[in-house]
Amino acid sequence: MTKFWIITAIIFIVLTIIIAKFSYNSVRKESSAKMWKIGNGRTVYWEGVVVASSGMTILTMAILHFTNVLTF
């Protein structure tokens with residue numbers, strides 16, 4: 001079970017970094033400077049990144065489970 005959580009955490013962190021790396025600049029340019037500086041824009045952005053990463057992690061773990069690459 002520990003192996004499962006370690007792999008899940010690694011996949012989540014990697015996906016979060018990848019999503020943030022590709023989307024940060026475009027989201028920053030689309031929002032106004034005031035909105036981004038106040039913090040509401042950043043909060044909404046990071047909430048979206050975490051939700052997307054969580055969904056992709058669940059999907060990745062399901063694919064690994066159903067292809068018998070990872071058994072838990």
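Q: Why does Trp-5 count as exposed?
A: The relative accessibility of Trp-5 is 52%, and a residue is called exposed over 50% relative accessible area, buried under 20% and partly exposed in between, with a 1.4 Å probe and protein chains only, so Trp-5 belongs to the exposed class. This value, like every other one here, comes from a predicted model, in which local features need pLDDT of at least 70 and side-chain atom pairs count only at pLDDT 80 or more, whereas totals for chains, interfaces and linings use all residues. Residues are numbered from 1 along each chain as its sequence is written, and side-chain values use heavy atoms, with hydrogens and water left out.

Q: What makes the rings of Phe-4 and Trp-5 an edge-to-face pair?
A: The structure holds three aromatic pairs. In the pair of Phe-4 and Trp-5, the ring centres are 4.9 Å apart and the planes stand at 75 degrees; rings of Phe, Tyr and Trp (its six-membered ring) pair if their centres lie within 6.5 Å, and planes under 30 degrees apart count as stacked, over 60 as edge-to-face and the rest as tilted, so this pair is edge-to-face. Phe-4 is itself buried, because its relative accessible area is 16%.

Q: How do you know that the pair of Tyr-24 and Tyr-45 is edge-to-face, and why does it tie together parts that are apart in sequence?
A: The rings of Tyr-24 and Tyr-45 are 5.9 Å apart, centre to centre, with 70 degrees between the planes, which makes the pair edge-to-face. Tyr-24 lies in helix 1 and Tyr-45 in helix 3 (residues 40-66), so the pair ties together parts that are 21 residues apart in sequence; helices (H or I, at least four residues) are DSSP runs, numbered from the N terminus. Tyr-24 is partly exposed at a relative accessible area of 32%, while Tyr-45 is buried at 8%. Together with Trp-46, these two tyrosines form one aromatic cluster.

Q: Why is Ser-53 called buried, and which residues does it touch?
A: Ser-53, a residue of helix 3, has a relative accessible area of 0% and is therefore buried. Its side chain is joined to that of Thr-16 by a polar contact of 3.0 Å, the term being used for a pair of N or O atoms within 3.5 Å, of which, within protein, one must be able to donate a hydrogen and the other to accept it, while residues adjacent in sequence count only if both atoms are side-chain atoms. Leaving aside neighbours within four places in sequence, Ser-53 is in contact (heavy atoms within 4.5 Å) with Phe-12, Leu-15, Thr-16 and Ile-19.

Q: What makes Thr-8 a buried residue, and what lies 2.7 Å from a polar atom of its side chain?
A: Thr-8, placed in helix 1, counts as buried because its relative accessibility is 14%. The backbone oxygen of Phe-4 lies 2.7 Å from a polar atom of the side chain of Thr-8. Not counting residues up to four places away in sequence, Thr-8 touches Thr-57 and Met-61.

Q: Why is Ile-6 called partly exposed, and which residues form a nonpolar patch with it?
A: Ile-6 lies in helix 1 (residues 2-30), and its relative accessible area of 48% is the reason why it is partly exposed. Ile-6, Ile-10, Val-14, Ile-18 and Phe-22 form a nonpolar patch on the surface, with about 510 Å² of accessible area together.

Q: What makes the phi of Asn-68 worth a remark?
A: Phi of Asn-68 is near 60 degrees, a positive value in a residue other than glycine. Most residues other than glycine have a negative phi. Asn-68 is found in the segment after helix 3, where it counts as exposed because its relative accessibility is 60%.

Note on methods:
Patches are made of residues with over 30% relative accessible area and no salt bridge: like charges are joined within 9 Å, nonpolar side chains (Val, Leu, Ile, Met, Phe, Trp, Tyr) within 5 Å. Accessible areas come from the Shrake-Rupley method with a 1.4 Å probe; for residues, only the protein chains shown count as cover. A salt bridge is a side-chain nitrogen of Lys or Arg within 4 Å of a carboxyl oxygen of Asp or Glu. Helices (H or I, at least four residues) and strands (E, at least two) are DSSP runs, numbered from the N terminus.
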